[in-house]
Amino acid sequence: LDALPPSRPVPLLPATPTPAGKTGLEDDDEMREVFLEEAREVISGAEQSLAALVSKADDLGEMTSVRRAFHTLKGSSRMVGLAAFGEAAWSCEQLYNRRLADSQPADGELLALTTDVLAYLGDWVEAIGEGRDGGHRALDVQGAVETFGIDGKHGVLTLPGAPIVL
């Protein structure tokens, strides 16, 4: 008869389980740094896709790249406990989902909104990296996206602390 394989120790569960809705990475400085590095790269890639859309507004591949960027920002920010950042990115992902589903091109208003949103999220990333409260709020981005969804016009989305130009 063949011998039974040696038994393996059963891993122990953590002493305190991770609460529902949490990842356990919320206070992990190393993972936060990974998020910051990835977010900078993703935002840069989305900006490149936007530049391509200026001359070819109906390029669904580039629009999909922008949507994917917001999807990535949403997921990775939520993983490290940045729920508000994730909500802001999610609202833009949903906007691009709708545009892609309806095969709508990236008109100038969408490009202007997306440019401002990426600048806002980029500034937010830098504030997080510097460990400061930059005054960023998901509601600012969500409001701009909602306004755009209602009338197709890009309103105002200014960086926190920047003067509002009327």
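**S103.** I started with S103, which sits in the loop between helix 3 and helix 4. This is a predicted model, so I'm reading computed values throughout. Buried or exposed, I wondered about S103? The relative accessibility comes out at 52%, and because the cut-off for exposed is over 50%, S103 counts as exposed.

**Acidic patch.** Next I went looking for charge on the surface. D29, E33, E37, E38 and E41 gather there in a patch of negative charge. I checked where two of them sit: E37 is in helix 1, which covers residues 29–55, and E41 has its place in helix 1 too.

**E41.** I stayed on E41 for a bit. Its relative accessibility is 52%, so I put E41 down as exposed.

**Core.** Last, I turned to the inside. The largest nonpolar core has 39 residues. I listed the ones with the most contacts inside it: F35, F70, L73, F85, V117, L121 and V141. Which elements give two or more residues to this core? I found helix 1, helix 2 (60–79), helix 3 (83–101), helix 4 (108–129) and helix 5 (138–151). Helix 4 supplies the largest share, ten residues. A general reminder to myself: in soluble globular proteins, nonpolar side chains tend to be buried together.

Terms used. Residues are numbered from 1 along each chain as its sequence is written. This is a predicted model: local features need pLDDT of at least 70, side-chain atom pairs count only at pLDDT 80 or more; totals for chains, interfaces and linings use all residues. Side-chain values use heavy atoms; hydrogens and water are left out. Patches are made of residues with over 30% relative accessible area and no salt bridge: like charges are joined within 9 Å, nonpolar side chains (Val, Leu, Ile, Met, Phe, Trp, Tyr) within 5 Å. Accessible areas come from the Shrake-Rupley method with a 1.4 Å probe; for residues, only the protein chains shown count as cover. A salt bridge is a side-chain nitrogen of Lys or Arg within 4 Å of a carboxyl oxygen of Asp or Glu. Lys and Arg count as positive and Asp and Glu as negative; His and the chain ends are not counted. The place of a charge is taken as NZ of Lys, CZ of Arg, CG of Asp or CD of Glu. Helices (H or I, at least four residues) and strands (E, at least two) are DSSP runs, numbered from the N terminus. A nonpolar core is a set of buried Ala, Val, Leu, Ile, Met, Phe, Trp, Tyr and Cys residues joined through side-chain atoms within 4.5 Å. Buried means under 20% relative accessible area, exposed over 50%, partly exposed in between (1.4 Å probe, protein chains only).
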